[in-house]
Amino acid sequence: MTGETAHKLRGDYSRMRPDHTVDQEWESYTPAQHELWRRLYGRQMKLVPQYASDEFCDTLATLNFGEGIPRFEAINRMLGPATNWQLVAVPGLVPDLTFFDHLANRRFPVTVWLRDPEEFDYIVEPDVFHDFFGHVPMLFNPVFADYMQSYGRGGIKAHELGAIEMLSRLYWYTVEFGLIETPRGLRTYGAGILSSGGEISYCVESPEPNRIGFDLLRIMRTNYKIDTYQETYFVIRDFEQLFEATAPDFTPYYDELRGKEPYPAWAVLASDQVYQRGTATARRA
Ligand code: PHE
Ligand code: CO
């Protein structure tokens, strides 16, 4: 995740290396933390078969990390051969450029701390459960894995061009909150949804939000909500579509969008390919 680093961050940043990585220190997780992990995992596992993309479900089944907080090393032994990615441990959110540099080198930063039991339903910053459960299974998918690396490279460029805000919207509406079309209806591949007890069913079942076909420039011009369920979800047909649409050089796109007023998160435009216009938006009109 990028952005939103204005408030004091929660992790322990005192022992990190220059690239912001730390040791996971798996031995220091308590039995109560492993138990909380099992509860979080158990809740999501009941929902995943109905709401998550096949790519996500298939990998999750083979990973078997429901016993307790996983050792990153153990996953790396499987992830390396699968897609040549590696997990690195971090204290929490890291600066944009550091994050992009890790992705560009096929390293995914995973937060080491776990939320408190009172935060079972909602946390403000991503913790190890979000980072791991939501993101790691998708890194086993070859096309998605390549998309993540391209995004990292694109991030470094966006930083130079002063376009991080636009690019971050793409991450938000795909990697964190993306939907995908399947023969069995819409499903999610977005980590922010996959790790959420409530939004995972809401994003597919609720009549409230808009569901709109993926449109790169439109997304990079759309604001998003960080403290409520999304008002709009964007739907891809498959991961090839995502990869191909984002392959061109974004420099002219940024030039075109710069200075234009962003669309509100609830907007539906005449040019949108609308799967479903949300009741919340319809009420506004
Ligand atoms: N092609 C984009 C660019 O030139 C990089 C990118 C790829 C961004 C994939 C996001 C996702 O900036
Ligand atoms: Co995330």
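Q: In this predicted model, what covers the buried residues of H1?
A: The cover includes helix H2 (54-63), helix H5 (128-139), strand S4 (185-188), helix H8 (191-194) and helix H9 (199-205).

Q: Which residues of H1 are called buried, and what is the cut-off?
A: Buried means under 20% relative accessible area. In H1 the buried residues are His34, Leu36, Trp37, Leu40, Tyr41, Arg43, Gln44, Leu47, Val48 and Tyr51.

Q: How do you know that the span of helix H1 agrees with its number of residues?
A: Helix H1 covers residues 31-51, and at 1.5 Å a residue its 21 residues should span 30 Å. The end C-alpha atoms are 30 Å apart, so the two values agree.

Q: Where in H1 does a kink lie?
A: The kink is at methionine 45, shortly before proline 49, and amounts to about 30°.

Q: What makes strand S6 mostly covered?
A: Of the 5 residues in S6 (residues 232-236), 5 are buried. Thr232, Phe234 and Ile236 point one way, Tyr233 and Val235 point the other way, and all are buried. In a regular strand the side chains alternate between the two faces of the sheet.

Q: Why are S3 and S6 called a pair?
A: Two strands pair if DSSP finds at least two bridges between them. Strand S3 (residues 179-182) and S6 have 2 bridges, in the parallel sense, so they meet the cut-off. Isoleucine 180 has isoleucine 236 of S6 as its bridge partner.

Q: How many bridges join strand S5 to S6?
A: Strand S5 (residues 210-213) is joined to S6 by 4 bridges, and the two run parallel. Arginine 211 stands opposite tyrosine 233 in S6.

Technical notes. Residues numbered from 1 in each chain as written. Chains lettered and ligands numbered in written order. Predicted model: local features only at pLDDT ≥ 70, side-chain atom pairs only at ≥ 80, totals over all residues. Heavy atoms only, no water. Expected span 1.5 Å × (residues − 1). Bend = angle between axes of the 7 residues up to and from the residue. Buried < 20%, exposed > 50% of the residue type's maximum accessible area, 1.4 Å probe, protein only. Contact = heavy atoms within 4.5 Å.
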